[in-house]
Amino acid sequence: MTEQTVNDPAAGGPPPRTVPVIVVGAGVAGLVAARELRGHGIEVVVLEAAERPGGRTLAETTVLGSRVDLGGQWIGRGHHRAEALAAELGLTVFPMRTPARPAIVDGATPVGRRPAVAVATAALLLCEILARVGAPRSLTAGSVGSWLRRLPSRRARRLLEVFVSESTTADLDNYAMHALLAAIRYQGGLAAMLATAGGAQENLVVEGLGTAAERLAADLGDRVVLGTPVTALHRDDTGVTVRTAWGDYRAERVIVTVAPPKAATIEHRPAAPASRIRLQDNTCMGSVYKAVAVYDRPFWRARGEAESVLLSEPGTAVFDTSPPEGPGHLCMLVGGREARALDDLDDHARRAAVLGPVAEHLGPGVLAPRGWHEKSWHRDPYVGGGYSALPRLGDETGYFPMPAAPMGRVHWAGTETAAEHAGYVEGAIESGERAAREVAAFLVPNSTDR
């Protein structure tokens, strides 16, 4: 399994390795699909381009021995699959510390209940109403950026820019207002999208949610093959030839879990349907930078709660993600255009740019963390961004849930295809389970799932 030799029968090399199912991508969706298939007694190989499993999850160990998530980390209200998986894998779930409402801070000044907040709140309420009633396109044409520029208050515009950029990771001038409303409707409203307690950011995992992917991969053992990008899928009446730089595989069924924009690098023979090509070409990955600063203890609690939205550039969402027994963890998220702007800075300048505004709010002790972990997901060559794929302005192909109808013997998974909670680990789990059921219906005798 670990030998990487090119299999080219036409050149006299060994024939492709044959396995019932190939899963493309060792993110949570792919690993869950593989585990489900193994539960049906179906042999499977997972091919992953990166040198690690996890996809858009990634846990690291700090200098103090704690674990931090640099990728997907939250188990929100109603994320029952993620809760069950965490329990099964021996992970410890705890509620994130959160105030009744996050502070909104401009420089060192809390904005409080100023008129700008009232304007921003009214705009969000309008979005909620338009999302629920299904407003006509004539009322929702144009980009989110163009809509925000209509607001009379500069600070209200800035507040909404940061809110939307952080929650969607979109470039707001390339993200349709109608797409935002569709996302609000899909997620069950703004409260479900943005809230901590009772919302999608309710709970955390002491060991890191990324540890779930690590343990799933460990359970699958050498069925997970890393550093093996899939370059082509050649379909015929009896199966699929899966081509990689290190050799070919032959499978009865294939599950592709890679997000559509990244899946565009895989050649299909015969060619993929026009609808699939359009989905790949007209979606893009969001841009997001994430950092976690580690301290001996959450000292800021003596001064106040850390959870806040900082309006200075870069606009930053700050969370207290400290585990119950310590140490102190401050999580910071920057989305969209301002996440990409951080790429132009060196490591020292980027850290100063992110921590400086936080220190103005929580005190100078923020500037001296014991550990520092960061990840620019849009620079990851295998993931391409986060939290999910997004529709480009002018196209509705990439609205949630994204299409996942099988293409002959090729099946599709990934968090974007989830009926609920797309963009979260919960959605990835749902999609992996669904794709595994589809495949098992063809490969397990007398299956009732067909």
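Predicted model: local features only at pLDDT ≥ 70, side-chain atom pairs only at ≥ 80, totals over all residues.
**Figure 1. Residues listed in the UniProt record under "binding site".** The unreviewed UniProt entry lists Glu48, Ala49, Val230 and Glu416 under this heading, and of these residues Glu416 is included in the lining of the second largest cavity. The annotation comes from the record, and it may be inferred rather than shown by experiment.

**Figure 2. Surroundings of Glu48.** Glu48 is found in the loop that runs between strand S2 (44–47) and strand S3 (59–61). With a relative accessible area of 9%, Glu48 counts as buried, because that value falls under the 20% cut-off. When residues up to four places away in sequence are not counted, Glu48 touches Gly25, Ala26 and Gly27, and it also touches Val225, Leu226, Gly227, Thr228 and Pro229.

Figure 3. Leaving aside residues up to four places away in sequence, the contacts of Val230 are with Val24, Leu47, Val242, Arg243, Thr244 and Ile266.

**Figure 4. The largest cavity and its lining.** The structure holds two cavities of 30 Å³ or more, and the largest cavity has a volume of about 120 Å³. Its lining consists of 14 residues, and those that lie nearest the centre of the cavity are Arg67, Asp69, Val205, Thr321 and His329. Strand S4 (67–69) and strand S8 (203–205) are the elements that give two or more residues to this lining, and S4 gives the most, with three residues. By residue class, the lining of the largest cavity divides into seven nonpolar, five polar and two charged.

**Figure 5. Thr321 at the largest cavity.** Thr321, one of the lining residues nearest the centre of the largest cavity, has its place in the loop between strand S17 (316–320) and strand S18 (328–335). Its relative accessibility is 8%, so Thr321 counts as buried. Not counting residues up to four places away in sequence, Thr321 touches Gln73, Phe94, Met96, Leu204, His329 and Cys331; His329 is likewise among the residues nearest the centre of the largest cavity.

**Figure 6. Pairing of strands S15 and S19.** Strand S15 (residues 288–295) pairs with S19 in the antiparallel sense, and the pairing extends over six bridges. Within this pairing, Ala293 has Trp372 as its bridge partner in S19. Strand S19, which comprises residues 371–376, is mostly covered, with five of its six residues buried.

Figure 7. Although Thr169 is not a glycine, it has a positive phi of about 65 degrees, and it lies in the loop between helix H5 (154–168) and helix H6 (177–187). Thr169 has a relative accessible area of 1% and is therefore buried. His421, which is not a glycine either, has a positive phi of about 60 degrees and has its place in the loop between strand S21 (410–412) and helix H13 (425–443). At 18% relative accessibility, His421 still counts as buried, because the cut-off lies at 20%.

Conventions
Residues numbered from 1 in each chain as written. Heavy atoms only, no water. 1 Å grid on protein atoms, 1.4 Å probe; cavity = no way out; pocket = protein on both sides within 12 Å on 5 of 7 lines; lining within 4 Å. Helix = DSSP H or I, 4+ residues; strand = E, 2+ residues; numbered from the N terminus. Buried < 20%, exposed > 50% of the residue type's maximum accessible area, 1.4 Å probe, protein only. Contact = heavy atoms within 4.5 Å. Points joined across faces, edges and corners; volume = space filled by probe spheres on them. Nonpolar A, V, L, I, M, F, W, Y, C, P; charged D, E, K, R; others polar. Pairing = 2+ DSSP bridges.
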